Amino acid sequence: MEQKPRPVHCLVFPYTMQGHINPMHQFSKSLVSKGIKVTLVTTQFLFKSFQQLSGSMPVETISDGFEGGYASAESLEAYFSKFKKVGSETLTKLIEKLNATGFPVDCIIYDAVMIWVLDVAKIFGLVTAIFFTQSCAVDNIYYHVKKGVINVPIENQVSLPGLSVLEPLDMPSFVHNPGLYPGLLDIMVNQFSDIEKVDWVLCNTFYKLEEEVIEWMSKQLRLRAIGPTIPRKYLHNEKTPEDDIDDGLQMFKPNIDACMNWLNEQQEHSAIYVSFGSLAELDARQMQELAFGIKQSGKHFLWVVRASEEYKLPRGFVEETSAKGLVVQWCSQMEVLAHKAIGCFVTHCGWNSTLEALCLGVPMVAIPICTDQGTNAKFIADVWRMGVKVDVDKNGVFKGEMVGHCIREVMDGKKRKEIKTTSKRWMEMAREAVKEGGSSDISINEFVASLTQHSKS
């Protein structure tokens, strides 16, 4: 009997944050659906922290050198330095272990912030693919900082190929105010170190969303847009395989029943959803301003406040607003955004949250806090025109009155119809991007075909 060829085997290695894990996990499921064997790689500490694990693909662990993960390191620089040393050693051992099985490793897809993975991959002659979890616009900015075209800190307008003119506050916070984030600018800029040695550059975006900047970046690098990396069950009105029910590897336990029961009681498009993701933090003053704005809007609301942030809520707020609102520690964000009761998303503009709202046609009120969020907010309000941005002062501080005004503007104001129409159009384009033959699937199919050819040779 003719022996059936073994499937191509890819390691997928996201960085140890929820916002990096989700898109790379979803991309992994796309690869599995096309016949690729995927093994997810994470750190031993993070593996123990997962509240939910996918049953559809194996997970292997390596060490970052810390018993307590990043939180036990004395600084960010210390964490990355030790992660590089210990991670390189333990990743090497993992690949050697897997190569001794019937499924040797052919390729490694790794998070762009972990540039040391490239050196390990080259030892074994693996196909390498670097995965950018940010928008292509943000990648373009960091690329130009790396090339010395942009000098930081930014004090004036910046014009870059493929992008509209950006003000300093429209840039990633590491660029316009690097002094607040020691070491982080180097980490983000160094994503482009030795990138010419990488076989593939994958970006979690889709062509129509960032057409001009993708065109330009693709001429500099072997870049392909493979997003939006969200569960396809939310993009198609069809049944999905059982193994696509989960939305990802979750570090926080969602309160799904309470959220869904509350949403089911609300009228269509009547409620706002408020969430600042898994990492962004507001100080106590800004948390109170946000609470005031939510209350002043007069809208029903579902607000995610992580357990570590609850102490910043105004005293008595939860009790005073219980007739109109629900405050939870975590939720299934895609389930919430897909619910017919949601009419607006008050967001910090993390890239995952931005893509999820865009793909589901949910208008946004943008309140960027840090990292790439200022750039994403600029595009939400001024380029894609599917929301409004809360005004802030030179220090990035916002007022509750402005939050309330922006919520009412999106839900009831003069821009409501335009924003709703634009949001629906972007939702349709996102769905088209992930249909067979759409821009994202073309890129994924090209990537898969190259892996298959490499495996045969």
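Two exercises with worked solutions follow.

The structure is a predicted model, in which local features need pLDDT of at least 70 and side-chain atom pairs count only at pLDDT 80 or more, while totals for chains, interfaces and linings use all residues. Residues are numbered from 1 along each chain as its sequence is written, and side-chain values use heavy atoms, with hydrogens and water left out.

**Exercise 1.** Work out in which order the 6 strands of the open sheet are arranged, and which are the edge strands.

*Solution.* Begin with the terms: strands (E, at least two residues) and helices (H or I, at least four) are DSSP runs numbered from the N terminus, and two strands pair if DSSP finds at least two bridges between them. The order is then 10-9-8-11-12-13, with parallel pairing. Strand 10 (325-328) and strand 13 (387-389) are the edge strands, since each pairs on one side only. Next, take strand 12 (residues 364-366), which pairs with strand 13 in the parallel sense over 3 bridges; here Met364 has Gly387 of strand 13 as its bridge partner.

**Exercise 2.** Determine whether Asn99 is buried, partly exposed or exposed, and which residues it touches beyond four places away in sequence.

*Solution.* Then apply the cut-offs, by which buried means under 20% relative accessible area, exposed over 50%, and partly exposed in between (1.4 Å probe, protein chains only); with a relative accessible area of 29%, Asn99 is partly exposed. Finally, with contact meaning heavy atoms within 4.5 Å, Asn99 touches Pro104, Val105 and Phe124, not counting residues up to four places away in sequence. Phe124 is 25 residues from Asn99 along the chain, and their C-alpha atoms are separated by 9.8 Å.
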